[in-house]
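Subject: Structure handover

Hello,

Here is the structure I promised to pass on. Please open it and keep it in view while you read my notes.

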Amino acid sequence: MNENLFASFATPTMMGLPIVILIVMFPSILFPSPNRLINNRLISLQQWLVQLTSKQMLAIHNHKGQTWALMLMSLILFIGSTNLLGLLPHSFTPTTQLSMNLGMAIPLWAGTVITGFRHKTKASLAHFLPQGTPIPLIPMLVIIETISLFIQPMALAVRLTANITAGHLLMHLIGGATLALMNITTSVALITFIILILLTILEFAVALIQAYVFTLLVSLYLHDNT
Amino acid sequence: MCVLPIPVKEKKLMDVKLGELPGWILMRDFTPRGIAGAFQRGYYRYYNKYVNVKKGSVAGISMVLAAYVLFNYCRCYKELKHERLRKYH
């Protein structure tokens, strides 16, 4: 049982070939590109969703921040679709790997910070000291603000990894418990099964919410720095 | 009026006779460009038949997801073999 529990998080290889690249690129097939003015149902639905999300997400930015629209939209689509595909049985979710989430979080966060330092150097440095702090506290507060700045990409990556991994692990465990209990007490197994159904509904929500939170935080860091 | 016989290389799969099948397979284009072309043709054949229609339904995308689940099942079969309800594994 111990080996099985974490086996689904191992990097998938088939006969020695790393097919994880194929699995990471798979969601791109599900988003065809629109060619015409009036497209088929799938593309029209996706266009409507993307327009809804982008209007809501880019409303707080000024002109400079809105140049990041493509990046933020593709980010939320990628994380959302990858998380949702991970809820299919037996599938591998790339966002459970800390390496991939760090690879997404660190460049995006660094991009926002460097943009801030390049264009509004004084304002970016001013972020390190909140307004109205007493003079003796200033050195300590600058250190704390620096630490909190550098923790932002780590928090982004670890938040996504931990949420998705924990959800998948819980589903494995509760599903295994349901199976094991079925032969002993059917009624308790039924309760566990209802818990599993509720957990699955939660996981669908978490998949989308995590994508949203990731993108929202990146956009907030961007807003601070443009 | 007699129609000229089509050479084996250019026949479609359904027109190839059973005896000519090994020869037909060997004459296919197995270069990377040929394989990429085959994937592209296959993708557009599926897309134009099931998704790119005026009233596409959920079946178009759910067949893709079902194939994805099957692919992942085949990938994990070695570990899943041990979880079957059998006396001897």
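Predicted model: local features only at pLDDT ≥ 70, side-chain atom pairs only at ≥ 80, totals over all residues.

Two packed helices are described by the angle between their axes and the distance between the axes. I use both for each pair.

Start with α4(A), residues 69-85, and α8(A), residues 186-225. Their axes come within 8 Å and cross at roughly 160°. Angles over 145 degrees count as roughly antiparallel. Therefore α4(A) and α8(A) are roughly antiparallel to each other. The crossing is right-handed. On the α4(A) side, the contact includes Leu72(A), Leu75(A), Ile76(A) and Ile79(A). Gly80(A), Asn83(A) and Leu84(A) also take part. They meet residues of α8(A), among them Phe204(A), Leu208(A), Tyr212(A), Phe214(A) and Val218(A). By class, this contact of α4(A) with α8(A) has 12 nonpolar, five polar and no charged residues.

Next, look at α5(A), residues 98-119, against α8(A). The axes come within 7 Å and cross at roughly 15°. That angle makes α5(A) roughly parallel to α8(A). This crossing is right-handed. From α5(A), the contact residues include Met104(A), Leu108(A), Trp109(A) and Val113(A). From α8(A) come Phe214(A), Val218(A), Tyr221(A), Leu222(A) and Asn225(A). The contact of α5(A) with α8(A) divides into nine nonpolar, four polar and no charged residues. Check Phe214(A) and Val218(A) on your screen: they meet α4(A), and they also meet α5(A).

The crossing of α3(A) and α4(A) is right-handed. Val50(A), Thr53(A), Ser54(A) and Met57(A) of α3(A) touch Met73(A), Ile76(A) and Leu77(A) of α4(A). By class, the contact of α3(A) with α4(A) has five nonpolar, two polar and no charged residues.

**A pocket with residues from two chains**

Now turn to the second largest pocket. Its volume is about 700 Å³. How many residues line the second largest pocket? The lining has 21 residues. Nearest the centre lie Phe26(A), Ile29(A), Phe39(B), Tyr43(B) and Val64(B). The elements that give two or more residues to the lining are α2 (20-25) of chain A together with α2 (32-51) and α3 (58-80) of chain B. By class, the lining has 18 nonpolar residues, three polar and no charged.

Best wishes

Terms used:
Residues numbered from 1 in each chain as written. Chains lettered and ligands numbered in written order. Heavy atoms only, no water. 1 Å grid on protein atoms, 1.4 Å probe; cavity = no way out; pocket = protein on both sides within 12 Å on 5 of 7 lines; lining within 4 Å. Points joined across faces, edges and corners; volume = space filled by probe spheres on them. Helix = DSSP H or I, 4+ residues; strand = E, 2+ residues; numbered from the N terminus. Nonpolar A, V, L, I, M, F, W, Y, C, P; charged D, E, K, R; others polar. Axes fitted to C-alpha atoms, helices over the stretch in contact; angles between N-to-C directions. Parallel < 35°, antiparallel > 145°, perpendicular 65-115°, else oblique. Left-handed = near helix turned anticlockwise from the far one by under 90°. Contact = heavy atoms within 4.5 Å.
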